[in-house]
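Please open the model in a viewer and keep the selection panel at hand.

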Protein chains: 2
Amino acid sequence: MSELRKDPIVDRWVIIAAERGHRPSDFKAPTEPPKSGGCPFCEGNEATTPPEIYAVRDGSPPNSPGWQVRVVPNKFPALAIEGKLIRSGFGRLDRMTGVGAHEVIIESPNHSDDIPTMSADHIALILDTYAHRTNDLRRDERFRHTIIFRNYKGEAGASLSHPHSQLIALPFIPKLAREKLVSAREYYQNKERCIFCDLIEQELNMPEQERVIYCNDYFVILSPFAARFPFSVEIYPLQHHHDFVAMDSTTQLALAETLQFILGQYKDLLADPAYNMTLQTAPNTIPRPGHPDYWSSIAYDYHWHIEIFPRLTKVAGFEWGTGCYINPVAPEKAAQYLRAKASSSPGANEQ
Amino acid sequence: MSELRKDPIVDRWVIIAAERGHRPSDFKAPTEPPKSGGCPFCEGNEATTPPEIYAVRDGSPPNSPGWQVRVVPNKFPALAIEGKLIRSGFGRLDRMTGVGAHEVIIESPNHSDDIPTMSADHIALILDTYAHRTNDLRRDERFRHTIIFRNYKGEAGASLSHPHSQLIALPFIPKLAREKLVSAREYYQNKERCIFCDLIEQELNMPEQERVIYCNDYFVILSPFAARFPFSVEIYPLQHHHDFVAMDSTTQLALAETLQFILGQYKDLLADPAYNMTLQTAPNTIPRPGHPDYWSSIAYDYHWHIEIFPRLTKVAGFEWGTGCYINPVAPEKAAQYLRAKASSSPGANEQ
């Protein structure tokens, strides 16, 4: 089983997943995605994955063809779903057993599908699957936080090219979520306003809307003022909400269109780059009898969002040694570029 | 000129270096290192770099052959050495002018030199050059922090293969340094002991020394308990000191031998992988009349160190979305592997 260990200086948990790789030689060759015929995620190959956890199906039996979205456990999970969560000290250090969930959301039965070419209705089904799995995992008292991410192409960490995303449920609140929660809490305590809402409002209210890439009735895509990576974007719901699972079907469809827009722009305008997408939502707020939890109590100050960034630049010594980044493309230029097809005038792409 | 912008949610400065890259097509092809003959860092090609800032020479004039280590400004600096540091607000956001220093330390006149094959005396000269440049830049009141890093091979971000490292002086204390300083300060306030010293002591005092890779009279190489990356290492001076520039020549030579050992092990045992090395030291403590600075005041709680990690795994959606990491090699196994040649029994490599 994996072990979770905490770096005591920077307060960061690390998953030591020693079963995943063994000898140094295992790292030498990059994983080659298998040819379409042998892909375990393709329709008809259901027997080659672990048994499914969930699927959107029209009446066909589990682990058979006839599905639209399918969720299976990761074959090489970073954390184990079975086992007791045991926290322990190790001298001055902290560790816990590596329990958690690691699932794969197979987004389509078709190997060559991709978000920009799927229907918005189908993308909404994927989003609904994210919500369904998150809700289910939150009922497990061991899990405190859920992260959903999509690695597109090998350079972004994908080992299979069949369209898929992943979900990891964690027995702790990860570092980045803590930082964002603490910021949101401090701001709210001070002003009784959401820091994310205020920043979104500032971007939308500027006469030039220089960093606004796209906006519909429910979502806005921003080129962040202090973007770390060229052409990175953040997607925010316009209405304050801490948790993405609360979306109704109209909102899911609006998000589907939003994702379709930006990933289509990446494909068309940036030559189909590798990218990472992460969905960042509030921690589990289901009350645990006898265990009131600080992070749950401040979860409502959060404003859920999606971050996406193409993998165009290298993260190197400067970034690893400082936590700062060098972005060679001004966010305003990136926004201008990514808006291009939608409209020639910056304001007109609000519908 | 570059601009520094702050992400208000996670409190992170980003360098928007818009001159470095322009159009999306600029990112498509990776930089090809030029052939040895045309390398601007080779002896004899001094005229192809900006004029040198510093060099270790035996009497030859600047910008001519006859040097052992040479420091030049980065031709594509992330920050500009000229200009006034101006901080300003932008609605709810923060920015400042992109002033700083960005220098290249050319480590040898010979294109094919590398740390494992250089003499320890020569490596000590490089370390002394780091200290010399850092001391010089600290006299500039605009600069608060210095980071030195070495990107080895293209996958780790190096655009030239000639052995070199880089130094960036910053007008702020970067996020990672702040986190480490705050940890060290809180621990010291609580215990009047250094958190780094205590953690090093714990590793050295365990009967098995499972995570100790190498130790001499002055330095220890540890495989960190919560290592983020397989085969990553941290090098600590055994004697508490906040600042690497204080090393005397004996200590510099001991560090040279330490680096030679671990980078030699990487080369021999991990098939010469790309790696990043960062030297992390305390912020500038030179007092500014009329501007007492919090970070300077807690700098003495720091314990300087070096982090090195081979680039064997991909950082992907999970890591970017959580700030947590998945390490597929247990730190104890990594230590055992990296000790291998030095000794067959874990305890015997202490000299």
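**Stop 1: two crossing helices**

Select helix α1 (residues 120-138) of chain B and helix α4 (residues 249-269) of chain B: their axes come within 8 Å and cross at roughly 115 degrees. Axes are lines fitted to C-alpha atoms, for helices over the stretch in contact, and angles run from 0 to 180 degrees between N-to-C directions. Helices (H or I, at least four residues) and strands (E, at least two) are DSSP runs, numbered from the N terminus. The model is a predicted one, in which local features need pLDDT of at least 70 and side-chain atom pairs count only at pLDDT 80 or more, while totals for chains, interfaces and linings use all residues. Residues are numbered from 1 along each chain as its sequence is written, and chains are lettered from A and ligands numbered from 1 in the order in which they are written.

α1(B) and α4(B) are therefore roughly perpendicular to each other (angles of 65 to 115 degrees count as such). Next, display the residues in contact (C-beta atoms, placed from the backbone, within 7 Å): among them are I123(B) and L127(B) in α1(B), and L253(B) and A256(B) in α4(B). The residues of this contact divide into eight nonpolar, three polar and two charged. Ala, Val, Leu, Ile, Met, Phe, Trp, Tyr, Cys and Pro count as nonpolar, Asp, Glu, Lys and Arg as charged, and the others, Gly among them, as polar.

**Stop 2: the sheet**

Select the open sheet of ten strands in chain B, ordered β3-β4-β7-β9-β8-β13-β14-β12-β11-β10 with antiparallel pairing; strands pair if DSSP finds at least two bridges between them. The edge strands are β3 (54-57) and β10 of chain B, each pairing on one side only.

**Stop 3: the contact between chains**

Show both chains. How many residues does each chain bring to the contact? Chain B gives 72 residues and chain A gives 71 residues. On the side of chain B, helix α2 (residues 175-191) supplies the largest share, six residues.

Finally, select β15 (residues 325-327) of chain A and β2 (residues 12-16) of chain B, which run parallel and are joined by three bridges. There, I15(B) is the bridge partner of I326(A).

Notes: Parallel < 35°, antiparallel > 145°, perpendicular 65-115°, else oblique. Contact = placed C-beta atoms within 7 Å.
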